[in-house]
Amino acid sequence: MGNSSAEAELEKEMDIRSFSSSRRNQTPYIHKVGVPPKQDIFKEFKTTVKETFFADDPLRCFKDQPRSRKLVLGLQAIFPILDWGRSYNFRKFRGDLISGLTIASLCIPQDIGYSKLANLAPQYGLYSSFVPPLVYAFMGSSRDIAIGPVAVVSLLIGTLLRNEIDPITHPTEYLRLAFTATFFAGITQATLGILRLGFLIDFLSHAAVVGFMGGAAITIALQQLKGFLGIKKFTRKTDIISVMKSVFHSVDHGWNWQTILIGATFLTFLLFAKYIGKKNKRLFWVPAIAPLISVILSTFFVYITHAEKNGVAIVGHIEKGVNPSSIKKIYFTGDYLLKGLRTGIVAGMIALTEAVAIGRTFASMKDYQLDGNKEMVALGVMNIVGSMTSCYVATGSFSRSAVNYMAGCQTAVSNIVMSVVVFLTLEFITPLFKYTPNAILSAIIISAVLGLIDYEAAILIWKIDKFDFVACIGAFFGVVFDSVEIGLLIAVTISFAKILLQVTRPRTATLGRVPRTNVYRNIQQYPEATKVPGVLIVRVDSAIYFSNSNYIKERILRWLMDEEEQLKAAGLPKIQFLIVDMSPVTDIDTSGIHAMEELHRSLKKRNVQLVLSNPGRVVIDKLHASNFPSQIGEDKIFLTVADAVLTCSLKLPEEV
């Protein structure tokens, strides 16, 4: 081991000597850095806007097309079903039919349970799986996503609205506020899509979403203990401490053993069915139909034993018929308008984040492109129409979408099939759910939300990025120990804090020459890289803006001071040239240029010359506009670090 280290040091020293001796005999050919021609300001602004909002060039297909064809393409852009519907056939319908029937068997019991999370009557969950999937099938671009109420959004709606209105004492006002929130959730989603602002949802990092979803899953599961244990008086708070206090305070008088028996038996059955589905992918239909089988068996058991007379809580009456109109119930004026708007924006963003993430996941698995902005418009219109037809916020469900994918869905027609089954259920079958025990709905929800706890993703986040893990765990604990909105606030805050930290404190590195090459790389990454005598090379790994320009200037000077201290201690000649590798610098503003000027003045006092390497088109254009090259010298800007080092080395004294 000692011999190999000594050999590496010897090779490093020989490489330095060979470089020093060869530089005197070279007459380098130096490429000049190109200065782009001046662009028209309007054209430059147009290009910037296009790259920001229309990076995917959505109007590309309209070029050089006759007016009639443009009309057809426009309709297809709004209603993708007009495009893929032309090649639809019986083989595809067979796959969609099986998928639609399978997800319908899963969604019906889930919808009844999720509506309780939102503090709404059971029929509103079914309504939300009838109209929204129909609208999405015509406007959505995902082939695999299954639409309907989801646990996290239902809990979010229920929590935020209950803070405004008590659903028990003021049920009518609460219902109207739920429709109002749904309307504004749709407006938010559609607006983001139309204005092509979908990138805003990416500000909520993956790590924060993992933590938020995991915390919400724990909270939802804890909320189900009321129905699972048969407790009548239960806390309205959602934090784990309040819920556990409520559970244990009612041990002596509140728990119902028949309810616990029903819940525990069928929860075991549901978890076993999930295990079978994971073990054998061909048996995907087992966990899909298990909830419906559980509802049928438990309802039949309660009916023949009259368990409701012994304290087993049941669903009760569910209204028959399809969605009644709710246009007149939406608050467009008054005190509740702002409350509905605030709740709708939050719920709409969370629903959008979940749906787009699910859509992208399955699109990548099937290797097709998903237009995020079209998805936002489709989801927005879907919820706007839903708010007018007695629905609350619907979005893409991961569990149903996974079943839909596994069942072999081909197109969004599977959503239409599911919607038709829900319609038939509303028209003819809802009275049969009267004796369905609440315990079975709690068991179904618990088994469904356990899949939202992605501990493997959390472990991977810890391994990759500790700051990301802080965001993940912060969002998780915020939801579990306080509330959904606090957890969401923590997730957003930490995500923005990470962005600010990366913007204000970008990475910098000192570079060395990789042996036997003219390549210069980070010395920490390549310890064998050799420093060039008399020259310090620093790379800035970020755009230079007002937010970080002062830090970058000070950090470069610290690199210089540290290097000079080391050279002084070793009795070596001091630094005479400082080369700043600007290859990663994508942009610079006036504050950045001002910082570079201050850096130049500071170096001048130290008798160190500032040299720039490979500034990009935007950067060199702005540097010339500020007359900065003439300050440091036109001959101090090079195309590559190698060119800069070679030229600077020729100017160094022989003793260096």
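The structure is a predicted model, in which local features need pLDDT of at least 70 and side-chain atom pairs count only at pLDDT 80 or more, while totals for chains, interfaces and linings use all residues. Residues are numbered from 1 along each chain as its sequence is written, and side-chain values use heavy atoms, with hydrogens and water left out.

The protein chain has 27 helices and eight strands, taken as DSSP runs (helices H or I, at least four residues; strands E, at least two) and numbered from the N terminus. Its C-alpha atoms fill a box of roughly 100 × 70 × 55 Å along the principal axes. Of the 656 residues in the protein chain, 51% are buried, where buried means under 20% relative accessible area, exposed over 50% and partly exposed in between (1.4 Å probe, protein chains only). Contacts are defined by heavy atoms within 4.5 Å. Among contacts in the protein chain with a separation of 6 or more, 82% join residues 24 or more positions apart.

The largest nonpolar core holds 110 residues; a nonpolar core is a set of buried Ala, Val, Leu, Ile, Met, Phe, Trp, Tyr and Cys residues joined through side-chain atoms within 4.5 Å. The members that touch the most others are L120, I157, F212, I220, I350 and V422. Helix α9 (residues 171-194) supplies the largest share of this core, ten residues. Another core, of 31 residues, lies apart from it and includes I552, L567, V580 and V585. In soluble globular proteins, nonpolar side chains tend to be buried together.

V422 is also one of the buried residues of helix α18, which include V413, S414, N415, V417 and M418. The 17 residues of helix α18 (residues 413-429) should span 24 Å at 1.5 Å a residue, and the end C-alpha atoms are 23 Å apart, which agrees; the expected span is 1.5 Å times one less than the number of residues. The buried residues of α18 pack against α4 (81-84), α5 (90-117), α6, α7 (131-139), β1 (146-148) and α17 (398-406). Leaving aside neighbours within four places in sequence, V422 is in contact with C107, I108, L126, S129 and F130.

The structure holds 13 aromatic pairs. Rings of Phe, Tyr and Trp (its six-membered ring) are paired if their centres lie within 6.5 Å, with planes under 30 degrees apart counted as stacked, over 60 as edge-to-face and the rest as tilted. Y124 and Y127 form an edge-to-face pair, at 5.5 Å centre to centre and 85 degrees between the planes. These two tyrosines, Y124 and Y127, are three residues apart in helix α6 (residues 122-127) and therefore separated by about one helical turn. Y124 is buried at 13% relative accessibility, and Y127 is buried at 2%. Ring pairs link Y124, Y127 and F179 into a cluster.

Charged groups also sit over aromatic rings, the criterion being NZ of Lys or CZ of Arg within 6 Å of the ring centre and within 35 degrees of the ring normal. The charged end of R143 sits over the ring of Y368, 4.1 Å from its centre. The charged end of R176 sits over the ring of Y331, also 4.1 Å from its centre.

A search of the whole structure finds zero disulfides, a disulfide being a pair of cysteine sulfur atoms within 2.5 Å. For C391, the closest cysteine sulfur is that of C107 at 12 Å, too far for a bond. C391 is buried at 1% relative accessibility, and C648 is buried with a relative accessible area of 3%.

E308 lies in the loop between α14 (285-305) and α15 (336-366) and is partly exposed, with a relative accessible area of 23%. Beyond its neighbours within four places in sequence, E308 is in contact with V302, I314 and Y435. The C-alpha atoms of E308 and D202, 106 residues apart along the chain, are separated by 48 Å. N607, which is not a glycine, has a positive phi of about 60 degrees. N607 is placed in the loop between α24 (590-605) and β7 (609-613) and is exposed, with a relative accessible area of 61%. N627, likewise not a glycine, has a positive phi of about 65 degrees. N627 is found in the loop between α25 (617-625) and α26 (628-632) and is partly exposed at 47% relative accessibility.
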